[in-house]
Amino acid sequence: MDAEQSIAEIEWLERIFAVPDTRPLSAADISAANRRHDEVLAHSPWFRLWQRYGVCCRAESPVLRLDE
């Protein structure tokens, strides 16, 4: 494979992925982001309190239920 062509393709991909995604978030996008956030914080004592007592600003309830 031609090295110059490979470099050009890599630079082209870098330009594509450097552009921010300006599409509006859908409900599924927001739900997926909330799930990832919940999984990352699952072992935090503050997060467990939040889940237990339900103090939340989200439209949906917490996804994970730990040690109930």
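Guide: Read along the sequence of this predicted model, the chain follows the pattern α-α-α, with 3 helices and 0 strands.

Visitor: What makes the span of helix 2 agree with its number of residues?

Guide: Helix 2 covers residues 27–40, and its 14 residues, at 1.5 Å a residue, should span 20 Å; because its end C-alpha atoms are 20 Å apart, the two values agree.

Visitor: Which residues of helix 2 are buried, and how do you know on which side of helix 2 they lie?

Guide: The buried residues of helix 2 are Ser31, Asn34 and Asp38. They cover an arc of only 60° around the axis, and therefore they lie on the same side of helix 2. In general, an α-helix has 3.6 residues a turn, so residues three or four places apart point the same way. The buried residues of helix 2 pack against helix 3, residues 45–53, whereas Ala28, Arg36, Glu39 and Val40 are exposed on the other side of helix 2.

Visitor: Why is isoleucine 16 called partly exposed?

Guide: Isoleucine 16, which has its place in helix 1, residues 3–18, has a relative accessibility of 40%. Buried would require under 20% and exposed over 50%, so isoleucine 16, at 40%, counts as partly exposed.

Visitor: Which residues form the nonpolar patch on the surface?

Guide: Trp12, Leu13, Ile16 and Phe17 form that patch, and together they have about 460 Å² of accessible area.

Definitions and conventions:
Residues are numbered from 1 along each chain as its sequence is written. This is a predicted model: local features need pLDDT of at least 70, side-chain atom pairs count only at pLDDT 80 or more; totals for chains, interfaces and linings use all residues. Side-chain values use heavy atoms; hydrogens and water are left out. Helices (H or I, at least four residues) and strands (E, at least two) are DSSP runs, numbered from the N terminus. The expected span of a helix is 1.5 Å times one less than its number of residues. Buried means under 20% relative accessible area, exposed over 50%, partly exposed in between (1.4 Å probe, protein chains only). The arc is that of the directions from the helix axis to the C-beta atoms. Contact means heavy atoms within 4.5 Å. Patches are made of residues with over 30% relative accessible area and no salt bridge: like charges are joined within 9 Å, nonpolar side chains (Val, Leu, Ile, Met, Phe, Trp, Tyr) within 5 Å. Accessible areas come from the Shrake-Rupley method with a 1.4 Å probe; for residues, only the protein chains shown count as cover. A salt bridge is a side-chain nitrogen of Lys or Arg within 4 Å of a carboxyl oxygen of Asp or Glu.
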